[in-house]
Amino acid sequence: MTAIQVDPHGALGRDGESALTRRPARRLVGEDLVLGFGRTEIVHGVSLELTPGSVTALVGPNGSGKSTLLRSLARLHAPDTGRILIGDDNLLDAAEHSAREFARDVTLFAQSRIAPAGLSVREIVEFGRHPYRKRFAGMSAQDRDAVNRAMAVTGISDMASRPASQLSGGEVQRVWLACCLAQETGIVLLDEPTNHLDLRYQTEILDLILDLSQEIGAAVGVVLHDLDQAARVADTVALLAEGSVLASGSPLDVLTADHIGTAYGVPVRVDLDEDSGHLRIDPIGRHRPRLQRPGHGQRGEGQRGASRA
């Protein structure tokens, strides 16, 4: 099998310019959102704002409402009360936008998308250009360029002609991500984008999330189960528990042992890795001994030194 090559420059071209197109800056705001299924209320009056050039991570235990909230921001789950606003300095009700207009501003990478039978990788990525194409019109040169850029930064250019039905779960994940990037929106919503990916491609996707915010100024909202990953990429973390925001702010302020223990019902240890500058969150289970600091147990200086050798 031919190895898949990711563009080593990521979302940046070889000349240092962005390989993705900068879109107009937009904010996306959920205001006092109450969301549910039938008579069951899932999200209770949550407000959230995604801003250009910033990554907002939604974290929390299963069933806390993260994905439902993200889908609501994408207008795929109508709120029982509250509203979605979009714009720059002047926010407008997103309900006033047509589906095509909204899709030129907002894209959603959803969970568990399957590979449609009978379509190639390129044909799936081309779906991302639908908001820009007239009815029955073919692909323009601009459309093809956008598709090629999206495939390059997600590392799937070499598989463009392959049937999507022959791909692994992780490869399909990257194909749908490329489809979202081909849409070239200023607001990017990602629902668990690192699921089904091995360590290398998890790292590539996290780097790409930072490229989207830092290099092209996108407003990024991402649902993540891995708290270490959220701490690495997020400017703002919203920790949800039982359908409400337990804490919101910087990773250092939100991802504390107290907050995480309250939300997940499990004790954790939170440390700041001095080498990487990232938080490290270590759950403490029944069969895992609590870590000891040097001089307070078996993991003293001698053992730490030996482990590094």
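Contact means heavy atoms within 4.5 Å. Axes are lines fitted to C-alpha atoms, for helices over the stretch in contact, and angles run from 0 to 180 degrees between N-to-C directions. Helices (H or I, at least four residues) and strands (E, at least two) are DSSP runs, numbered from the N terminus. The structure is a predicted model, in which local features need pLDDT of at least 70 and side-chain atom pairs count only at pLDDT 80 or more, while totals for chains, interfaces and linings use all residues. Residues are numbered from 1 along each chain as its sequence is written, and side-chain values use heavy atoms, with hydrogens and water left out.

The pLDDT is the predictor's confidence in each residue, from 0 to 100. Its mean over the protein is 86, and 86% of the residues reach 70 or more. Residues 1–18 stay under 50; for this stretch the model has 33 contacts beyond four places in sequence. Residues 297–309 are also below 50, with 13 contacts in the model beyond near neighbours in sequence.

The protein contains ten helices and twelve strands. Its 309 residues include 47% that count as buried (buried is under 20% relative accessible area, exposed over 50%, and partly exposed in between, with a 1.4 Å probe and protein chains only). The accessible surface comes to about 15700 Å², and carbon and sulfur atoms hold 48% of that area. Areas come from the Shrake-Rupley method with a 1.4 Å probe; for residues, only the protein chains shown count as cover. Among contacts with a separation of 6 or more, 64% join residues 24 or more positions apart.

An open sheet is formed by four strands in the order S2-S1-S4-S5, with antiparallel pairing (two strands pair if DSSP finds at least two bridges between them). Strand S2 (40–50) and strand S5 (91–93) are the edge strands, each pairing on one side only. Neighbouring strands of this sheet are turned against each other by 25° on average, direction ignored. Seven bridges join S1 and S2 in the antiparallel sense. Phe 37 has Thr 40 as its bridge partner in S2.

Helix H1 lies across S1, S2 and S4 and runs at about 125° to S1. Thr 68 belongs to this helix, which spans residues 66–73. Thr 68 is buried, at a relative accessible area of 11%. Leaving aside residues up to four places away in sequence, Thr 68 touches Leu 35, Phe 37, Ile 42 and His 77.

Most residues other than glycine have a negative phi. Asp 32 is not a glycine, yet has a positive phi of about 50°. Asp 32 sits in strand S1 (residues 27–37) and is partly exposed at 45% relative accessibility. Arg 75, likewise a residue other than glycine, has a positive phi near 65°. Arg 75 is placed in the loop between H1 and strand S4 (81–87). With a relative accessible area of 30%, Arg 75 is partly exposed.

Side chains of opposite charge can pair when their charged atoms come close. A salt bridge is a side-chain nitrogen of Lys or Arg within 4 Å of a carboxyl oxygen of Asp or Glu. By this rule the count is nine salt bridges. One of them joins the side chains of Glu 31 and Arg 83, at 2.8 Å from N to O. Glu 31 lies in strand S1 and Arg 83 in strand S4, so the pair ties together parts that are 52 residues apart in sequence. Glu 31 is partly exposed at 29% relative accessibility. Arg 83 is partly exposed as well, at 38%.

Another salt bridge brings together the side chains of Glu 184 and Arg 149 (2.6 Å, N to O). This pair links distant parts of the chain, 35 residues apart: Glu 184 is in the loop between helix H5 (169–182) and strand S7 (187–191), and Arg 149 is in helix H4 (residues 141–153). Glu 184 is buried at 7% relative accessibility, whereas Arg 149 is partly exposed at 26%. Arg 129, Asp 143, Arg 149 and Glu 184 are linked in a network of salt bridges.

A further salt bridge connects the side chains of Arg 280 and Asp 273, at 3.7 Å from N to O. Arg 280 is exposed, with a relative accessible area of 52%.
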